[in-house]
Amino acid sequence: MKNLKQIASMIVLLAMMQAHAQNGPTGVLNSTTTNTFNYIKEGVKMPYSVTVQESRNYKTMFALADMGKVDKDRINTPVKVSKLITVTNNANPRDNSVIALRYDKQVADTFMLVSTGKGFAISVDNRTMEYIMGKGIQFANTADREFFMVDEFNSIE
């Protein structure tokens with residue numbers, strides 16, 4: 001009887017560990033990239049740098065039809081992406097700022113940081129946000145404003 005209780009408790013323990021292992025985030029990605037761009041102010045090219053610190057949290061979801069199977073099909077789920085964008089302008093420290101950008105990444109979308117004449121533009125899955133040096137963030141389309149969750153802060157040096 002004692003052996004039966006131990007075996008039953010081990011089976012329950014292993015089942016709980018297996019269930020817990022298949023739930024929750026399965027990975028985190030952290031990366032940092034730095035780009036140097038120029039903007040034109042009064043006919044003069046002014047250099048500035050943009051540092052992007054990215055963090056992604058991945059979750060794994062399986063199809064309900066595959067419950068109990070050894071080989072399971074993974075369901076593509078949106079990834080929560082957070083980017084901390086730091087703008088550093090050594091020529092004019094008043095332009096220094098920090099932007100916290102959050103969105104749900106889909107499987108096929110891409111993040112592009114492109115230099116413009118007045119600052120830089122961020123493009124994710126054909127949704128665009130522009131940062132103009134000295135003025136801040138602007139959206140060309142109001143639907144893009146709803147896609148991005150943005151917080152902008154002035155940097156104190």
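## Overall layout

A contact here means heavy atoms within 4.5 Å. With that in hand, residues 24 or more positions apart account for 49% of the chain's contacts that have a separation of 6 or more. Keep in mind that this is a predicted model.

The chain has two helices and eleven strands. Going along the sequence, the order is α-β-β-β-β-β-β-β-β-β-β-α-β. Of the 157 residues in the chain, 29% are buried. The chain exposes about 10800 Å², and carbon and sulfur atoms supply 55% of that area.

In soluble globular proteins, nonpolar side chains tend to be buried together. Here the largest nonpolar core holds 23 residues, and those touching the most other members are Tyr48, Val50, Ile85, Phe120, Ile122 and Phe148. Strands that each give at least two residues to this core are β1 (25-41), β2 (44-59), β5 (79-88), β6 (97-105), β8 (119-124) and β9 (127-132).

Ser123 sits in strand β8. Its relative accessible area is 15%, and the cut-off for buried is under 20%, so Ser123 counts as buried. Setting aside neighbours within four places in sequence, Ser123 contacts Thr110, Phe111, Met112 and Thr128.

Gly136 belongs to strand β10 (residues 136-138). Its relative accessibility is 4%, so Gly136 is buried as well. Its contacts, not counting residues up to four places away in sequence, are Glu130, Tyr131 and Glu152. Gly136 and Ile99 are 37 residues apart in sequence, with their C-alpha atoms 9.6 Å apart in space.

## A nonpolar patch outside

What about nonpolar side chains on the surface? Met10, Val12, Leu13 and Met16 form a patch there, and together they have about 390 Å² of accessible area. Leu13 lies in helix α1, which covers residues 2-21. Leu13 is partly exposed because its relative accessibility is 40%, and that class runs between the 20% and 50% cut-offs.

Key:
Residues numbered from 1 in each chain as written. Predicted model: local features only at pLDDT ≥ 70, side-chain atom pairs only at ≥ 80, totals over all residues. Heavy atoms only, no water. Core = buried A, V, L, I, M, F, W, Y, C linked by side-chain atoms within 4.5 Å. Buried < 20%, exposed > 50% of the residue type's maximum accessible area, 1.4 Å probe, protein only. Helix = DSSP H or I, 4+ residues; strand = E, 2+ residues; numbered from the N terminus. Patch = residues over 30% accessible without salt bridge, like charges linked within 9 Å, V, L, I, M, F, W, Y side chains within 5 Å. Areas by Shrake-Rupley, 256 points an atom, 1.4 Å probe, with all protein chains shown as cover. Salt bridge = Lys/Arg side-chain N within 4 Å of Asp/Glu carboxyl O.
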